[in-house]
Amino acid sequence: MAKAKEETSVFDVNKVRELIELMEEHDLNEVDLKQSDQRIRLRRGGEMTVAPPVVRTAAPVSPTPAAPAAAAPAPAADDNHDLILSPTIGTYYSRPKPTAKDFVKVGDKVTPDTIVCLVEAMKMFNEIPAGVSGTIVEILVNSEDAVHVDMPLFRISKN
Amino acid sequence: MYNRILIANRGEIALRIIRACKEMGIETVAVYSRADKGSAYLDLADQAFCIGGERASDSYLKIDRIISAAEIGNAEAIHPGFGFLSENAQFNEVCRDCNIDFIGPSPEAMQMLGDKNTARSLARKADVPVVPGSVGLVTDADQAVKDAREIGYPILVKATAGGGGKGMRVAENEADLKNAVEQAAQEAQAAFGNGGVYLEKFINRPRHVEVQVLADQHGNVVHLWERDCSTQRRHQKLIEESPAPTLPPEKREEICAAAVRMVKAADYSNAGTVEFIVDKDHNFYFIEVNARIQVEHPVSEMVTGIDLIQQQIRVAAGEKLAFSQADIQCKGVAMECRINAEDPDKNFQPCPGVIKQIHIPGGMGVRWESHVHAGYSVLPYYDSMIGKLIVYQPTRTQAIATMIRSLKELRIEGIKTTADFLVKVLQCEDFKNNKIDTKWVERDFLSQK
């Protein structure tokens, strides 16, 4: 009896193991694979690395050989959602001080002036306003994460 | 030795520094503006942070963001490259205050040498010849006239806070002097926020010769011989070479020794360049010190075999120089051409655009230093230099031949560059026979076409 064609689902354990080995062999930090509506993202290394942002300019990088070292998928702004991006670089804090409550949580409504977080740069704390109106549907960073310019912090659903 | 260094720069020099760090096992943190997002060289850094908008003032010049990037990136030191904040004493001090090593001289040495007039005074003290000129800034019109008579016309009026050829005017005679002083002061005030000017004797048809120096933090100072950068257009260097082809051997020794004296007098550490102007009798006069690594540093690297960026890092980390002056020989001839995204047929107008294809020359004695690649977008926000082509051969004749050959081999499609123009300069008899001076390109070469 002919052997059935091998399943090559991205979630096959052997396939995942193969991918991990390939990553180590080729010194890749991140692999992001999609198969129809399924997706797997493997990230190597314990350190927090800042996800390379999605390229928006008209500057395509030259064809690199080998693997699909894709950018970590930045959550998309679309017709129903906005993203609040960090205007500066530093350490993100979700609350005004350690003993206080978070500035905002999922489900909160915000207006452009609502302070949503702090980003600390050089011991100076910058209050970051929402800049848009809507409801917070997703908080994309954790307190004390390193953030940089244009990094998405919050996903807002437009009112 | 450092575990991690942040590179406060972009493009070609950022790539150069990343490479040096990788070879030393040092991790790198890169910063980039929105305009530089997606540049391939950023992938070579261990971490890369966006620090702001396209304009340098909104990104590469933002001290707080750069320091912040160093903090969140855990960088112990910052290499400033050239341009941007590399000669900013305030940035240097901020680094020190934040316990981050600045890879360069101390803020004090940088401050002292950054003021041209103070640097000239220091040169006099160090027995380094300076261009005959006024002892201080011009404060009084009558004194200026007296000084000018003593110095001798033509007189060059120069801004003390100046650079890049701005805030300079030539007065051919006493009648021109008052206007020249006023105009130079006005331009200097606008460009540098400091209208102070001083007078210098205008040297006719000078050559520009500079000395590469390197000093550690233990008092050891060496030179890596000299470079001749006389091929310029509007005070911008086009071609640099080492050794200086017109200086007799004893003058080379003298000018290099003078540079070392200057550096010692300023208590300077790390890499730097002492610039001189040379007249047709080979008399050299101190102009200024560039307290940073320079664009044309690869030229000195080729003739001495010393990696200057790695040396900068070692010195900053507190290491003693591993060699003495006697160990540093100048062998062969190295030459560099700066490749700019400019259209020579349209008065060197900058040519931003996407590089569709690039073919990089190779072969014996060819070194290409550039961050660009096929698909790279050359942007209008930064200077127009997209790469440096360096050649190294046993003789100057061979170096010129290799440079011409590799410039012709270099093909960049999608934007205009100065490569073909440089070929024509190199083919000129005046260039080959060392008849050029710092104004030759504008005065003789371009007027022929």
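**View 1. Helix α7 of chain B in the predicted model.** Helix α7 of chain B runs from residue 174 to residue 192 and has 19 residues. From first to last C-alpha, α7(B) reaches 27 Å, close to the 27 Å expected at 1.5 Å a residue. Leu177(B), Ala180(B), Val181(B), Ala184(B), Ala185(B) and Ala188(B) are buried in this helix. An α-helix has 3.6 residues a turn, so residues three or four places apart point the same way. The buried residues of α7(B) pack against helix α6 (141-151) and against the strands β6 (155-159), β7 (168-171) and β8 (197-201) of chain B. After the helix comes Gly193(B), with a positive phi near 70 degrees.

**View 2. Contact between domain 1 and domain 3 of chain B.** The domain assignment divides chain B into domain 1 (4-103), domain 2 (132-201) and domain 3 (207-448). The centres of domain 1 and domain 3 of chain B, taken over C-alpha atoms, are separated by 23 Å. Across the contact, 24 residues of domain 1 of chain B meet 21 residues of domain 3 of chain B. On the domain 1 side, helix α1 (residues 11-24) of chain B gives the most, with seven residues. By class, that side of domain 1 of chain B has 13 nonpolar, four polar and seven charged residues.

View 3. Asp58(B) counts as partly exposed because it has 17 C-beta neighbours inside 10 Å. When residues up to four places away in sequence are not counted, Asp58(B) touches Gly52(B) and Gly53(B). Ser33(B) is 25 residues from Asp58(B) in sequence, and their C-alpha atoms are 8.2 Å apart in space.

**View 4. The open sheet β7-β6-β4-β9 of chain A.** Four strands of chain A form this open sheet in the order β7-β6-β4-β9, with antiparallel pairing. At the edges stand β7 (124-129) and β9 (146-147) of chain A, each with a single partner strand, so one side of each is left without a neighbour in the sheet. Strand β4 (residues 90-93) and strand β6 (residues 115-121) of chain A pair in the antiparallel sense over three bridges. Tyr93(A) has Leu118(A) in β6(A) as its bridge partner.

**View 5. Strand β8 of chain A and its pairing with β5 and β10.** Strands of a sheet pair through backbone hydrogen bonds, either parallel or antiparallel. Strand β8 (residues 134-139) of chain A pairs with strand β5 (residues 109-110) of chain A in the antiparallel sense over two bridges. Here Lys109(A) stands opposite Thr135(A) in β8(A). β8(A) is also joined to strand β10 (residues 152-157) of chain A by four bridges, and these two strands run antiparallel. In β10(A), Ser157(A) is the bridge partner of Thr135(A).

View 6. Of the 449 residues of chain B, 53% count as buried. Among contacts in chain B between residues at least 6 apart in sequence, 65% join residues at least 24 apart.

Key:
Residues numbered from 1 in each chain as written. Chains lettered and ligands numbered in written order. Predicted model: local features only at pLDDT ≥ 70, side-chain atom pairs only at ≥ 80, totals over all residues. Buried ≥ 20, exposed ≤ 12 C-beta atoms within 10 Å, placed from the backbone. Contact = placed C-beta atoms within 7 Å. Domains from an automatic or database assignment. Nonpolar A, V, L, I, M, F, W, Y, C, P; charged D, E, K, R; others polar. Pairing = 2+ DSSP bridges. Expected span 1.5 Å × (residues − 1).
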